[in-house]
Amino acid sequence: MRLLGAGIRTTNRFLVQDCRAAGFQRCNSTGESELNGNATTTHRNVALLSVDSELAPRITTSVEIDARLQPALKRLRLPSGLLQRVAGVQERRNWAPGQAFDDAAVLAGRRALQSAGIEPGQVGLMINTSVTRKHLEPSVAVRIHHGLGLPSSATNFDIANACLGFVNGMTLAAQLIDSGQVQYAVVIDGEDADEIQSNTIDRLGRADISRKDFMSEFASLTLGSGAAAAVLGPADAHPEGHRMLGGVTRAATQFNGLCVGSVDGMFTDAKALLKGGMELVVSAWTEAKRDWNWSGMDRYILHQVSDVHTNAIIKATGLDRSRVPLTYPLLGNVGPASIPITLAEEAKRLSPGDRVLLMGVGSGLNTAMMELAW
């Protein structure tokens with residue numbers, strides 16, 4: 001890869017027709033894709049070999065949460081059923097007593113390695129993208145690295161970028177595989193929404209909570225728990241794999257204060273966050289048209305937030321709603337794990353040759369879109 005002025009030119013060793021067939025809009029006579037800006041990338045020889053999830057076993061319905069919040073709803077003159085009618089979240093998952101999010105991530109990772117036919121000793125990189133963490137240090141990655149039985153030679157670390165972390169992790173792992181630094185990589189995530197959910201419900205029941213306070217914490221009640229893992233490797237060694245073609249990332253960090261969360265609670269300016277998020281997604285989608293043709297994908301795997309968020313993206317970008325699978329109605333927003341969980345759930349309905357676009361947004365704000373050739 002060599003930098004040319006403000007752009008990047010990546011030699012893909014494609015013929016021109018192969019370059020265009022891969023979805024790149026601008027291809028020169030040598031089969032190179034000429035990309036717009038350093039936040040637009042392609043991958044030469046990387047495939048997604050497997051993606052698996054570990055769903056939390058305990059179901060918490062929105063009706064149950066409404067019942068616990070009934071005194072507060074009555075005092076604030078708010079109707080029941082907001083989670084169902086406004087967010088479209090009917091239920092979410094929680095871990096069983098004694099079950100830890102990092103243990104669940106290890107289970108998802110083991111399953112993904114088995115599905116890919118890759119032994120732990122072959123892994124050269126493991127990236128954990130969990131928002132959830134028990135402590136500031138050490139990294140969550142060290143616990144998962146040990147749990148998976150990865151070799152001492154396998155580099156491991158955390159990437160934290162809110163709900164966008166998993167897509168960022170896949171991109172970084174793909175770049176390292178393309179560069180020849182590693183052969184196989186595991187990207188993994190485990191989330192635990194139990195504590196924030198419980199803390200939020202308790203706090204919203206206090207007499208000093210106003211209607212505005214209640215709505216600023218509403219998004220916390222949509223969160224769910226779960227884990228997921230993906231295994232990446234060289235495409236030429238795995239023709240059965242799903243080719244990672246590349247994508248775009250864009251930032252609008254002027255909105256860094258619109259959604260701020262911790263285990264105590266997540267506080268959101270929902271209206272401003274939606275507006276800023278849509279501006280960022282539409283901007284990235286529009287800019288990507290120079291290099292990519294994503295108007296006719298077979299599936300759009302969106303970060304799973306709510307009816308409002310999903311409907312806004314579909315309308316703003318003109319997506320075919322029938323090609324947008326949803327998991328948030330029954331799983332809630334599982335943070336960075338939501339995209340791989342949704343992809344894992346949808347994988348059984350995908351066919352070889354299908355074009356799949358991963359579309360994520362993380363509070364802060366950042367967005368990323370990545371194309372896979374299934």
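Residues are numbered from 1 along each chain as its sequence is written, and side-chain values use heavy atoms, with hydrogens and water left out. In this predicted model, local features need pLDDT of at least 70 and side-chain atom pairs count only at pLDDT 80 or more, while totals for chains, interfaces and linings use all residues.

**Exercise 1. Confidence**

Find which stretches have pLDDT under 50, and state the mean pLDDT of the chain.

Step 1. pLDDT is the predictor's confidence in each residue, from 0 to 100. The chain mean is 90. A value of 70 or more is reached by 90% of the residues.

Step 2. Residues 1-16 stay under 50. The model gives them 46 contacts beyond four places in sequence. Contact means heavy atoms within 4.5 Å.

Step 3. Residues 28-33 are also below 50. This stretch has 25 contacts in the model beyond near neighbours in sequence.

Step 4. Where pLDDT is low, the predicted coordinates should not be read in detail.

**Exercise 2. The largest cavity**

Count the cavities of 30 Å³ or more, then describe the lining of the largest cavity.

Step 1. On a 1 Å grid over the protein atoms alone, a cavity is a set of points where a 1.4 Å probe fits but cannot get out; a pocket is an open set with protein on both sides within 12 Å along at least five of seven lines; lining residues have an atom within 4 Å of a point. Grid points are joined across faces, edges and corners, and a volume is the space filled by probe spheres set on the points.

Step 2. The count is two cavities of 30 Å³ or more. The largest cavity holds about 50 Å³.

Step 3. Its lining is D66, L69, L73, P79, L82, L83, F214, F218 and L221. Helices (H or I, at least four residues) and strands (E, at least two) are DSSP runs, numbered from the N terminus. The largest share, three residues, comes from α2.

Step 4. Sort by class: eight nonpolar, no polar and one charged. Here Ala, Val, Leu, Ile, Met, Phe, Trp, Tyr, Cys and Pro count as nonpolar, Asp, Glu, Lys and Arg as charged, and the others, Gly among them, as polar.

**Exercise 3. The second largest cavity**

Name the elements that line the second largest cavity.

Step 1. The space is about 40 Å³. V281, H303, H309, I313, M359, G360, V361, T367 and M369 line this cavity.

Step 2. Two or more residues come from each of α10 (307-317), β16 (355-362) and β17. β16 gives the largest share, three residues.

Step 3. The classes are five nonpolar, four polar and no charged.

**Exercise 4. Two residues**

Decide whether F218 and D102 are buried or exposed, and list what each touches.

Step 1. Buried means under 20% relative accessible area, exposed over 50%, partly exposed in between (1.4 Å probe, protein chains only).

Step 2. F218 sits in the loop between α8 (211-216) and β11 (226-234). F218 counts as buried because its relative accessibility is 11%. Beyond four places in sequence, F218 contacts L82, L83 and A87. F218 and L82 are 136 residues apart in sequence, yet 9.1 Å apart C-alpha to C-alpha.

Step 3. D102 lies in helix α4 (residues 101-116). D102 is buried, at 5% relative accessible area. Not counting residues up to four places away, D102 touches K134, R143 and I144.
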